[in-house]
Amino acid sequence: MFWTVTLSLLEGFVNTLKIFGMTLLVALPLGLVLSFGSMSRFAPIRFIVKIFVWIIRGTPLMLQLFVIYYVPGLVGIWAQSAQIDIPVINLLVEWLSTWTIMDRLAAAFIAFIINYSCYFSEIYRGGIESIPRGQYEAGQVLGMTKSQIFFKVVLLQVIKRIVPPMSNEIITLVKDTALVNTISVYEVIWNAQRFTKTDGLLWPLFYTGVFYLAFNGLLTLLFGYIEKKMNYFRS
Amino acid sequence: MAFLEVKNIKKSFGKTEVIRDISFSLEKGEVLAIIGSSGSGKTTLLRCLNFLETANGGEIIVDGETIFDAERAKKYTDAEKRKARLRFGLIFQQFNLFPQYTALKNVMLAQELLKTGTKQEIEAKSRDLLDMVGLSDRLNNYPCQLSGGQQQRVAIARALALSPDILCFDEPTSALDPELTGEVLKAIKALKNSDRTMIIVTHEMNFAKHVADKIIYMADGIIEEMGTPEEIFENPKSEKTAAFLQSSKENDGV
Ligand SMILES: Nc1ncnc2c1ncn2[C@@H]1O[C@H](COP(=O)(O)OP(=O)(O)O)[C@@H](O)[C@H]1O
Ligand SMILES: [Mg+2]
């Protein structure tokens, strides 16, 4: 039984890893873009990004999962029954009527990417804003362009500063993946619950903790290593 | 026409006029020291010369070329500004070295980005500059491994790397422990001997007296008095200048 459970949990953990990997892959760069938006000198962009980040950070990720999973289907149903005779909007409604309920895993990806981009963007912003103005000015008087200053002078200092908060957030991400349970994505806890339902076993549920712990242990080691690697300079 | 002509520079932040109307000129190889109590606008003036602030009025002419004219200030492109500011080098009070790079790389970086030569040429020049400021044994140290005086000397080498026509110093020793100021002042003196044109904002009156060809005493955003070290220190015409020199002497005594 132990091996059956282990195999099944491992299978669930693959989905956990998929969500984890996909989220990092997209949200790390997207978060940077959002952070630029939230620091933009153009007020409307700054405003829109800040409102967006506020909404995403101010509501539960679980709720966001529900919205992304159910709303496209609802829109599709509404569009199918809508009676609109305005030419352009007609086409739009026709297109919307092809919307169906989302693939569960895709919905999970999208919700996690949006949610974590917002959290990451705030970490980036904090890191970028903490770099002293003198660093930019030193680059400027040496005739560097804005992008040279960002990539050659500022970026590594920002990375050094954001590794600790980033590692916190990424470890939270590992644990947050359990939320996809609520839209029936078969992750590790979902698979454990099946044993509870069919065989009346509780221990597989507790056993899932080992998987999270092992993975987060690895991540902790990795982040510790990165922090150490960047100890050669102080800023 | 002098090598550097600064004409009627004005700068306000909001409603506060920080630089009210400043004009002076400097010949090639001359050293100008700017003294004055804190808040009189010395830093702002240097920042205007280096395009870190955009002056609201006035002109800056180097070697016959108008590199800044407030009338056209809005039209300057980033590239034009970058080219113009290479006429000047600036050494900051807080050094502002790049912490993630070694001393050598700090000096090399801007040259590499501007492609001023081959990799070997750039490295050789950077080594020479660090040698000149007495740091040939510190090439591979990171800023955090250097004392304040050493960091400031790296900053001097870094500013020289792009061969600016005029080197500006903003209180280069103010952030240093007293026992470390000597080495930095010595490095600046050595530059004078190699005929560098320099503008030095400083509180070190003795240093100003000995290194400068010309002294400007600034008060409330204007030049209160300008002259040779003898004129200013031995024979100040303005009462304000005399009072300032007197009080700085007393502070030195403490
Ligand atoms: N960016 C700024 N915004 C508003 N006021 C400023 C700014 N920079 C300098 N000032 C003001 O300008 C005055 C002159 O400052 P500064 O040039 O630093 O003087 P100094 O270097 O002679 O001590 C000060 O009163 C200072 O508060
Ligand atoms: Mg100052």
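Rings of Phe, Tyr and Trp (for Trp the six-membered ring) are taken to pair if their centres lie within 6.5 Å, planes under 30 degrees apart counting as stacked, planes over 60 degrees apart as edge-to-face and the rest as tilted. The views below come from a predicted model, in which local features need pLDDT of at least 70 and side-chain atom pairs count only at pLDDT 80 or more, while totals for chains, interfaces and linings use all residues. Residues are numbered from 1 along each chain as its sequence is written, chains are lettered from A and ligands numbered from 1 in the order in which they are written, and side-chain values use heavy atoms, with hydrogens and water left out.

**View 1. An aromatic cluster in chain A.** One aromatic cluster is formed by Phe2(A), Trp3(A), Phe13(A), Phe20(A), Trp203(A), Tyr207(A), Phe211(A), Tyr212(A) and Phe215(A). Over all chains, the structure holds 23 aromatic pairs. The rings of Phe2(A) and Trp203(A) are stacked, because their centres are 6.2 Å apart and their planes stand at 20°. Phe2(A) belongs to helix H1 (residues 2-38) of chain A and Trp203(A) to helix H9 (residues 203-229) of chain A, so this pair ties together parts that are 201 residues apart in sequence; helices (H or I, at least four residues) and strands (E, at least two) are DSSP runs, numbered from the N terminus. Phe2(A) is partly exposed at 41% relative accessibility, and Trp203(A) is likewise partly exposed at 34%, where buried means under 20% relative accessible area, exposed over 50% and partly exposed in between (1.4 Å probe, protein chains only).

**View 2. The pair of Phe20(A) and Phe215(A).** With ring centres 5.1 Å apart and planes at 85°, Phe20(A) and Phe215(A) form an edge-to-face pair. This pair links distant parts of the chain, Phe20(A) lying in helix H1 of chain A and Phe215(A) in helix H9 of chain A, 195 residues apart. Phe20(A) counts as buried at 9% relative accessibility, and Phe215(A) counts as buried at 16%.

**View 3. Charges over aromatic faces in chain A.** Arg194(A) lies over the face of Tyr186(A), at 5.9 Å from the ring centre, and Lys197(A) lies over the face of Trp190(A), at 5.5 Å from the ring centre. A charge sits over a ring if NZ of Lys or CZ of Arg is within 6 Å of the ring centre and within 35 degrees of the ring normal.

**View 4. An open sheet in chain B.** Four strands of chain B, in the order E2-E1-E4-E5, form an open sheet with antiparallel pairing, two strands being paired if DSSP finds at least two bridges between them. Strand E2 (16-26) and strand E5 (65-69) of chain B are the edge strands, each pairing on one side only. Strand E4 (residues 57-62) of chain B pairs with E5(B) in the antiparallel sense over four bridges, and Val62(B) has Glu65(B) in E5(B) as its bridge partner.

**View 5. The surroundings of Thr202(B).** Thr202(B) is found in the loop between strand E8 (197-201) and helix H7 (205-211) of chain B, and Thr202(B) is buried, with a relative accessible area of 3%. Not counting residues up to four places away in sequence, Thr202(B) touches Ile34(B), Ile35(B), Phe207(B) and Ala208(B), contact meaning heavy atoms within 4.5 Å. The side chain of Thr202(B) also reaches the backbone nitrogen of Glu204(B) at 2.9 Å.

Note on methods:
A polar contact is a pair of N or O atoms within 3.5 Å; within protein, one must be able to donate a hydrogen and the other to accept it, and residues adjacent in sequence count only if both atoms are side-chain atoms.
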